[in-house]
Amino acid sequence: MLIIVSPTKQMKWCKDYLPQDLPMLSKNSQMILEELWKLNKDNIMVLMKVNEKIALENLERYRNIHFDKNGSCALFTYQGLQFQRMNIQDESQIAYLQEHLRILSGLYGVIKPLDSIYPYRLEMQAKLPVNDSKDIYDYWKDTIASTLQKELSNQELPIILNMASKEYEKAVLPYLPDDSYITLTFKIKKQGKLKVESTQAKMARGAMIHYLSTHQIETLEGVKEFNEDGYQFMKELSNEREFVFVKENVL
């Protein structure tokens with residue numbers, strides 16, 4: 001079983017854990033980085049729709065990226081709500097996530113938790129031409145999906161749990177067989193209506209990963225038993241391709 005999630009824009013250098021390896025698709029990433037090196041501040045502001053301060057910060061970041069083991073440990077580098085809610089406390093959780101968790105990335109493609117990365121900003125939907133590709137989606141094509149499928153062959157349960165955002169799942173799901181993944185959807189019930197709320201969904205994904213890693217879950221039945229933060233598996237809303245979890249009575 002593999003779990004795929006999106007990265008976050010918020011990143012901070014991790015000093016507490018040493019990285020173990022390079023991201024699997026580093027050679028592909030090098031080609032993207034070479035295009036990023038060609039950009040100036042104004043290019044970045046337009047490409048990423050950011051202000052001057054953020055553009056300058058990332059211009060400097062691109063210049064400092066290397067593909068070596070001297071970077072920051074990925075699992076603890078991302079700082080967004082999803083990663084905060086993972087609440088990783090011990091080595092058994094880290095070992096579980098190293099085997100099962102894969103972080104999707106516009107720059108790195110696929111990242112394992114203990115991979116060496118450098119702070120960056122590059123969304124999967126960025127309109128950055130790379131070689132003959134018109135944008136980042138076009139550059140990666142089926143590469144990320146193929147990499148995940150190869151990894152699935154080493155998993156006891158050959159299924160992908162998709163907890164990536166729409167932006168990032170678009171780089172993977174179209175290239176996978178329908179029976180090779182299940183999307184986990186987190187909804188809240190507010191004033192009698194069910195809806196997916198972005199902030200709540202991010203926190204729920206992190207809570208799910210905390211649950212999976214804490215209890216070392218290896219089965220789909222175990223996934224369904226998730227009940228943290230008030231969520232419950234809803235069989236009547238779910239099917240073979242989507243597991244729906246609902247949190248009721250949200251104010």
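Start with the charge count: the protein chain carries 32 positive and 34 negative side chains, and the centres of the two sets sit 6 Å apart. Lys and Arg are the positives, Asp and Glu the negatives, with His and the chain ends not counted; each charge is placed at NZ of Lys, CZ of Arg, CG of Asp or CD of Glu.

A quick word on where this comes from: it's a predicted model, so local features need pLDDT of at least 70, side-chain atom pairs count only at pLDDT 80 or more, and totals for chains, interfaces and linings use all residues. Residues are numbered from 1 along each chain as its sequence is written, and side-chain values use heavy atoms, with hydrogens and water left out.

Now the overall fold. We've got 11 helices and 10 strands, taken as DSSP runs numbered from the N terminus (helices are H or I, at least four residues; strands are E, at least two). The radius of gyration, over C-alpha atoms, is 18 Å, close to the 18 Å from the globule rule for 251 residues, so the chain is as compact as a globular protein of that length; that rule is 2.2 Å times the number of residues to the power 0.38. Of those 251 residues, 54% count as buried, meaning under 20% relative accessible area, with exposed over 50% and partly exposed in between (1.4 Å probe, protein chains only).

So which charges pair up? Side chains of opposite charge can pair when their charged atoms come close. The whole structure has 15 salt bridges, each one a side-chain nitrogen of Lys or Arg within 4 Å of a carboxyl oxygen of Asp or Glu.

Take K9 and E123, bridged at 3.2 Å, N to O. This pair ties together distant parts of the chain, 114 residues apart: K9 is in the loop between β1 (2-5) and α1 (26-36), and E123 in the loop between β5 (116-117) and α7 (136-140). K9 is partly exposed at 43%, and E123 is partly exposed too, at 21%.

Next, E151 and K112, with their closest N and O atoms 3.9 Å apart. They're 39 residues apart, E151 in helix α8 (residues 143-152) and K112 in the loop between β4 (109-111) and β5. Here E151 counts as buried at 13%, while K112 is partly exposed at 23%.

Last one: E197 and K190 bridge at 3.6 Å.
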